Amino acid sequence: MSKNNKNYYFSYGIGFGLLGGALLAVILGLFIDTPLVWAFAPGFGMLAGMIIGIAMDTNKNKK
């Protein structure tokens with residue numbers, strides 16, 4: 001992927017956010033015995049990654 005792409009960090013944010021959310025689900029799953037952790041944690045991680053990626057792309061494109 002080229003750095004000239006406007007959504008360069010957005011795609012990385014989705015990937016790393018999903019990975020981080022899955023790791024968070026593993027950690028929370030040790031303490032909370034419910035399958036809802038696996039339903040919501042990866043999605044929230046991906047959402048956080050998307051927001052961070054959009055913010056980084058917006059700052060990069062202002063230059």
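Which residues in helix 1 are buried? Taking buried to mean under 20% relative accessible area, exposed over 50% and partly exposed anything in between (1.4 Å probe, protein chains only), the residues are Tyr8, Gly13, Gly17, Gly21 and Ala25. The model here is a predicted one, so to speak a calculated picture: local features need pLDDT of at least 70, side-chain atom pairs count only at pLDDT 80 or more, and totals for chains, interfaces and linings use all residues. Residues are numbered from 1 along each chain as its sequence is written, and side-chain values use heavy atoms, with hydrogens and water left out.

Helix 1 itself covers residues 8-31, 24 residues in total. Helices here are DSSP runs of H or I with at least four residues, numbered from the N terminus. From first C-alpha to last, helix 1 reaches 36 Å, close to the 34 Å expected at 1.5 Å a residue; that expected span is 1.5 Å times one less than the number of residues.

Now to the aromatic rings. Four aromatic pairs turn up in the structure. The rings of tyrosine 12 and phenylalanine 16 have centres 6.3 Å apart and planes at 20 degrees, so this pair is stacked. For the record, rings of Phe, Tyr and Trp (its six-membered ring) pair if their centres lie within 6.5 Å, and planes under 30 degrees apart count as stacked, over 60 as edge-to-face and the rest as tilted. Both residues sit in helix 1, four residues apart, or about one turn of the helix. Tyrosine 12 is partly exposed at 42% relative accessibility, while phenylalanine 16, at 57%, counts as exposed. Phenylalanine 40 and phenylalanine 44 are stacked too, since their ring centres lie 6.2 Å apart and their planes are at 25 degrees. These two are four residues apart in helix 2 (residues 36-61), so about one helical turn separates them. Phenylalanine 40 is partly exposed at 47%, and phenylalanine 44 is exposed at 56%.

Isoleucine 27, by contrast, has its place in helix 1 and is partly exposed, with a relative accessible area of 48%.
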